[in-house]
Amino acid sequence: MTNIFRRAGVDIPEPFRRFLEGDLDAWLRVEEYREAGSLVVKAEAPGIDPDSDVDITLAGSQLQITVRREEKSEHKDKEGYRSEFRYGAFSRTVSLPAAVNQDDIRASYNDGVLEVRVPLPEEPAAGGRKVRVSRGAGTGGAGGAGTEGQSRTMGGDPEGQSFGGP
């Protein structure tokens with residue numbers, strides 16, 4: 001397929017060319033899920049040195065994982081010599097649901113899998129917090145506070161103006 005484009009003189013962008021050739025190994029694949037109050041991001045990164053080939057940065061609520069990979073192979077036999085290499089930097093950005101503290105992020109590398117754990121701040125209870133409505137003076141609200149025995153209903157006010165009710 002790419003030969004057709006080359007013959008026509010069309011230059012194909014690198015990611016699209018790799019897709020057409022079936023070279024999907026060049027993409028940094030990730031898995032993300034929540035576990036015990038943390039966001040866990042796992043990335044396939046076999047054959048790297050985590051000390052020198054990995055950069056993990058946090059910018060606002062974006063976690064960016066960058067992996068540099070270099071692969072070389074040499075084949076020598078009776079019929080000749082063949083050498084191949086592949087290299088590049090691959091990255092992935094994951095949006096975090098809330099602001100987190102960069103010092104709390106932990107990363108580990110085991111058996112070709114890079115794992116990043118981001119502790120998430122506690123979310124408010126599903127029902128929310130109930131706000132108590134007080135009666136009498138001292139509320140500081142515009143239009144005056146309700147007095148004992150006086151009732152206000154949703155959708156209208158004492159002067160008969162409607163507030164969006166049917």
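This is a predicted model: local features need pLDDT of at least 70, side-chain atom pairs count only at pLDDT 80 or more; totals for chains, interfaces and linings use all residues.
The mean pLDDT is 75, and 63% of the residues score at least 70. Among the elements of the chain, strand 6 (residues 106–110) has the highest mean pLDDT, at 95. Helix 1 (residues 2–7) has the lowest, at 59. One covers residues 143–158, and makes 17 contacts in the model beyond near neighbours in sequence. The other covers residues 160–166, with 7 such contacts.

One of the residue pairs involved is alanine 43 with leucine 114, the latter in strand 7.

The largest nonpolar core holds 20 residues. Val116 and Val118 have the most contacts inside this core. Five elements are listed as giving two or more residues to the core: strand 2 (38–44), strand 3 (54–59), strand 4 (62–77), strand 5 (80–95) and strand 7 (113–119). Nonpolar side chains tend to be buried together in soluble globular proteins. The surroundings of valine 116 were listed without residues up to four places away in sequence.

Charged pairs were then considered. Side chains of opposite charge can pair when their charged atoms come close. The model contains 7 salt bridges. One of them joins aspartate 55 to arginine 68, with the closest N and O atoms 2.9 Å apart. This pair links distant parts of the chain. Aspartate 55 lies in strand 3 and arginine 68 in strand 4, 13 residues apart. Aspartate 55 is partly exposed, at 38% relative accessible area. Arginine 68 is also partly exposed, at 31%.

A further salt bridge joins lysine 72 and glutamate 70, with an N to O distance of 3.4 Å. Here the relative accessible area of lysine 72 is 67%, so this residue counts as exposed. Glutamate 70 is exposed as well, at 54%.

Arginine 117 and glutamate 115 form another salt bridge, their closest N and O atoms being 2.8 Å apart. Glutamate 115 has a relative accessible area of 18% and is therefore buried, the cut-off for that class being under 20%. Arginine 117 is partly exposed, at 27%. The pair belongs to a network: salt bridges with shared partners join Glu35, Lys42, Glu115 and Arg117.

Technical notes: Residues are numbered from 1 along each chain as its sequence is written. Side-chain values use heavy atoms; hydrogens and water are left out. pLDDT is the predictor's confidence in each residue, from 0 to 100. Helices (H or I, at least four residues) and strands (E, at least two) are DSSP runs, numbered from the N terminus. Contact means heavy atoms within 4.5 Å. A nonpolar core is a set of buried Ala, Val, Leu, Ile, Met, Phe, Trp, Tyr and Cys residues joined through side-chain atoms within 4.5 Å. Buried means under 20% relative accessible area, exposed over 50%, partly exposed in between (1.4 Å probe, protein chains only). Two strands pair if DSSP finds at least two bridges between them. A salt bridge is a side-chain nitrogen of Lys or Arg within 4 Å of a carboxyl oxygen of Asp or Glu.
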